[in-house]
Amino acid sequence: MVTIPRLVIAAPSSGSGKTTVATGLMAAFNGRGLAVSGHKVGPDYIDPGYHTLATGRPGRNLDAYMCGPELIAPLFAHGARGCDLAVVEGVMGLYDGASGLGELASTAHVAKLLRAPVVLVVDASSQSRSVAALVHGFASWDPQVRIGGVILNKVGSDRHEALLREALEESGVPVLGVLRRAGQLAVPSRHLGLVPVAERRGDAVAAVAAMAGQVLAGCDLEGLLALARSAPPVTGEVWDAAEAVAACGGAVPRNNRGAAPDPAPRTPEGLDHGVRIAVASGAAFTFSYAEHSELLTAAGAEVVPFDPLRDESLPEGTRGLVIGGGFPEVYGPELSANEPLREAVAELAASGAPLAAECAGLLYLARSLDGLPMCGVLNAEGRMSQRLTLGYRDAVALSDSVLAAAGTRMRGHEFHRTVLEPGAGDEPAWGMHRPERRVEGFVRRGVHASYLHTHWAAVPGTARRFVEKCAG
C-alpha cells in the first residue's frame, strides 16, 4: 500500500516550466526539512540529475512504456520509501504519450496509476482570460485525472496576474503559484536537452537554488503540501531489487537475502559471487538508471564507478564492464587522449569478459568517433549527425549475449545525434519492430553494444545473467 504524499507537475506542452517548478519544489520542501523524493515521467536521464541535487536522493524514472504500467507504483514506492513527499515531473504535454499508443507512458497515465493530484504549470506570457478555457479543457478532458491546482509561469505584472486570477476563479481550479517573467532561469542546454549536472556541478547547484528561490517567492507551499497529502492510497507491493533478481530463478546471494531495500546504491561486503563490475561515470557518461546498479548489487556484484575522462586504468579486479549513455561526442578529445584506459578496455574485451554498452558506450567501443581513436573493440566508425534519432522501440534479441538469450523481447528508447557505420555487426544485438523493422547493434564474444537504452527493472534477469557471466 502506497500512502506517500505526492504531486505530479504537468503542463499543456513542453517548454512551459515543468523542470523549474518541479525541481524548485523539491529543493524548497527539502530546505524545510522534509525528506523529498524526485521522479521523472519517461526515459529522460538529465532531469533526474537536477532532482538528485534538489533532494539529496537518487532521481528516479517512471516509464510505463519501458517498464510496463504494472511496475509504476512499485518503482515509485521503492524510490520514495521513507519520504515525507514525492514530486513527479511530467514529460511533454499532460496527455502526450507514446506515439500511436494513446495515453500509454503519458504524464496523465502515470498520474492515474499513482492516483496522484496534478499541478498544471501554464505559460501565461501571451494570454489573460483565455487561460481559463485552457485549464478547463485540460481539467475536463479525462475525469480520472485530477488537476488540483495551477501554477502560472512567466507572468508579466501585477495587472497581468490579477486578470489571470480573475479568469481562473470561474474554472474552479485554484491558483497555487505565480512565477514572474522577469529573471526566468536560463539552464544551459544542448542538442539532447539540458546540460547534465555532472558537467556543471557548481552552476547546477546555483541553478537549483535559484529555482527554489522562485518557488518560495511565488508558490503556496502549504497549499501544495495539503494537495499532496490528499492523494489516496495506491495498492501494490514495493519494488525490491533482491526480490526481482530472486524471481528470475535461484537464490539471492546470502548477504542480500532478507535485507531491507535501500533506495540508495549500496556495496555490501562478503559477496557470494565475488564479482567486481566497473560502471563508467563522470561527465562523459551520465545516463544511467539507479535501479541498474541496485540489480547488479542484488545479483551478487560489487559495483565500482570509474571515470573514463580521468582514470587511466579500470578498477583492480574488474570482471565486467557497463558503459551507459552520455555525451562522448562532447568529450571525444579527452576520451581519445586517455590511451591507457582505452587499451585496458580493449584488453578486457579481448579476454572475453562481459561488456555491456549503450549509446555513448557503443561509440566509445568503436574504432573512432569523429575521426578520433576510441577503444577499437568494434569495427565501426562513429560521427556526429544533424539528424536526431528519438523514440521508443520494441526489440527482440537476435543473438545470445551476456545480457539476454536470443528471442528475449525488450522495450527501449533511442536518443542520439550520432551515427555509427556500420550500424550492426555480423551478429546484431537487436531486431527492431517499432517503429520500423531493422537490425541494430553488436554481439561479439562477451560484448553487447547498442544504441538502445533499456530499463533492467522490466527484465531483471538481464542483471542476473550479466553477473553470472562475469562470475564465469
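Let me start with a term: a polar contact is a pair of N or O atoms within 3.5 Å, where, within protein, one must be able to donate a hydrogen and the other to accept it, and residues adjacent in sequence count only if both atoms are side-chain atoms.

Before we use it, some housekeeping. What we have here is a predicted model, in which local features need pLDDT of at least 70 and side-chain atom pairs count only at pLDDT 80 or more, while totals for chains, interfaces and linings use all residues. Residues are numbered from 1 along each chain as its sequence is written, and side-chain values use heavy atoms, with hydrogens and water left out.

A polar atom of the Thr23 side chain lies 2.8 Å from the backbone oxygen of Thr19. So is Thr23 buried or exposed? Thr23 counts as buried, because its relative accessibility is 0%; buried means under 20% relative accessible area, exposed over 50%, and partly exposed in between, with a 1.4 Å probe and protein chains only.

Which residues does Thr23 touch, leaving out those up to four places away in sequence? They are Tyr50, His51, Ala54, Glu89, Val208 and Met211, with contact meaning heavy atoms within 4.5 Å.

Finally, over to Phe415, in strand 17, residues 409-421. Phe415 counts as buried because its relative accessibility is 18%.

Technical notes:
Helices (H or I, at least four residues) and strands (E, at least two) are DSSP runs, numbered from the N terminus.
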